[in-house]
Amino acid sequence: QVQLVESGGGSVQAGGSLKLSCAASRYYPDTTNYPYMGWFRLTPGYEREGVATIYIRDGRAYYAESVKGRFTVSRDNAKNTVYLQMSGLKPGDSAMYYCAGGTVAAGRYPLDARQYNYWGQGTQGTVAA
């Protein structure tokens, strides 16, 4: 069963914006035990890169240097949904974006994909020059 479902990807021009959503389905384990929700991206030929993570209990956020000041991660706990607002997009931001859920152990390296246990199927974001 699918535990995490991403949406909101698409194609935009450089400088534009996209807002991604990640909804936890009823098959997702208790978010109390998996309180870190991260966004990662994958581009062909590159390793999966941690983009932003949020600790859903208090909203604490972590960002990759490459996206600081342009991307914002947020959550709506009532909807079991995490968002990634991406602004000032660049062609280099083009990638498949995945959300993932991790336990408290993920807090040590919140942008390290290896710390995450549950993954969505991804949504494509493409930025044209």
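**Figure 1. Hairpin of β4 and β5 in the predicted model.** Strands β4 and β5 make a hairpin, and six residues lie between them. In the turn, G45 has a positive phi of about 90°. Strand β5 covers residues 49–55 and runs antiparallel to β4, with six bridges joining the two.

**Figure 2. Strand β4 and its pairing with β9.** Strand β4 spans residues 36–42, and six of its seven residues are buried, so the strand is largely enclosed by the rest of the structure. Besides β5, β4 is joined to strand β9 (residues 95–102) by seven bridges. The strands β4 and β9 run antiparallel. Within this pairing, R41 stands opposite Y97 of β9.

**Figure 3. The disulfide between C22 and C99.** A search of the whole structure finds one disulfide. It joins C22 to C99, with an S to S distance of 2.0 Å. C22 belongs to strand β3 (residues 18–24) and C99 to strand β9, so that the pair links distant parts of the chain, 77 residues apart. The torsion about the S-S bond is about 60°, and the disulfide of C22 and C99 is therefore right-handed. Are its two cysteines buried or exposed? C22 has a relative accessible area of 1% and is buried; C99 is buried as well, with a relative accessible area of 1%. Both values fall under the 20% limit for a buried residue.

**Figure 4. Salt bridges around R41 and D93.** The whole structure contains six salt bridges. In one of them, the side chains of R41 and D93 meet, at 2.9 Å from N to O. R41 lies in strand β4, whereas D93 lies in the loop between β8 (81–86) and β9, so this pair ties together parts that are 52 residues apart in sequence. D93 also meets the side chain of R70 in a salt bridge, at 2.7 Å from N to O. R70 is in the loop between β6 (60–63) and β7 (71–76) and D93 in the loop between β8 and β9, so their contact ties together parts 23 residues apart in sequence. These residues take part in a network of salt bridges that links R41, E49, R70 and D93. R41 and D93 are both buried; for D93 the relative accessible area is 3%. R70, at 16% relative accessibility, also counts as buried.

**Figure 5. The salt bridge of R60 and D58.** Side chains of opposite charge can pair when their charged atoms come close. Here R60 forms a salt bridge with D58, and their closest N and O atoms are 2.8 Å apart. Are the two residues buried, partly exposed or exposed? R60 counts as partly exposed, at 40% relative accessibility. D58 also counts as partly exposed, at 43% relative accessibility.

**Figure 6. Aromatic cluster at F40.** The structure holds five aromatic pairs. The ring centres of F40 and Y116 are 5.0 Å apart and the planes stand at 70°, so this pair is edge-to-face. F40 lies in strand β4 and Y116 in the loop between β9 and β10 (118–119), so the pair ties together parts that are 76 residues apart in sequence. F40 is buried, with a relative accessible area of 0%, and Y116 counts as buried at 6% relative accessibility. The rings of F40 and W119 have centres 5.0 Å apart and planes at 50°, so this pair is tilted. The pair of F40 in strand β4 and W119 in strand β10 links distant parts of the chain, 79 residues apart. W119 is partly exposed, with a relative accessible area of 24%. Together with Y98, the residues F40, Y116 and W119 form one aromatic cluster.

**Figure 7. R48 over the rings of Y98 and W119.** Which aromatic rings does R48 lie over? R48 lies over the face of Y98, at 4.6 Å from the ring centre. The charged end of R48 also sits over the ring of W119, 4.5 Å from the centre of that ring. Y98 and W119 both belong to the aromatic cluster that includes F40 and Y116.

Definitions and conventions:
Residues numbered from 1 in each chain as written. Predicted model: local features only at pLDDT ≥ 70, side-chain atom pairs only at ≥ 80, totals over all residues. Heavy atoms only, no water. Buried < 20%, exposed > 50% of the residue type's maximum accessible area, 1.4 Å probe, protein only. Helix = DSSP H or I, 4+ residues; strand = E, 2+ residues; numbered from the N terminus. Pairing = 2+ DSSP bridges. Disulfide = S-S within 2.5 Å. Salt bridge = Lys/Arg side-chain N within 4 Å of Asp/Glu carboxyl O. Phe/Tyr/Trp six-rings, centres within 6.5 Å; stacked < 30°, edge-to-face > 60°. Lys NZ or Arg CZ within 6 Å of the ring centre and 35° of its normal.
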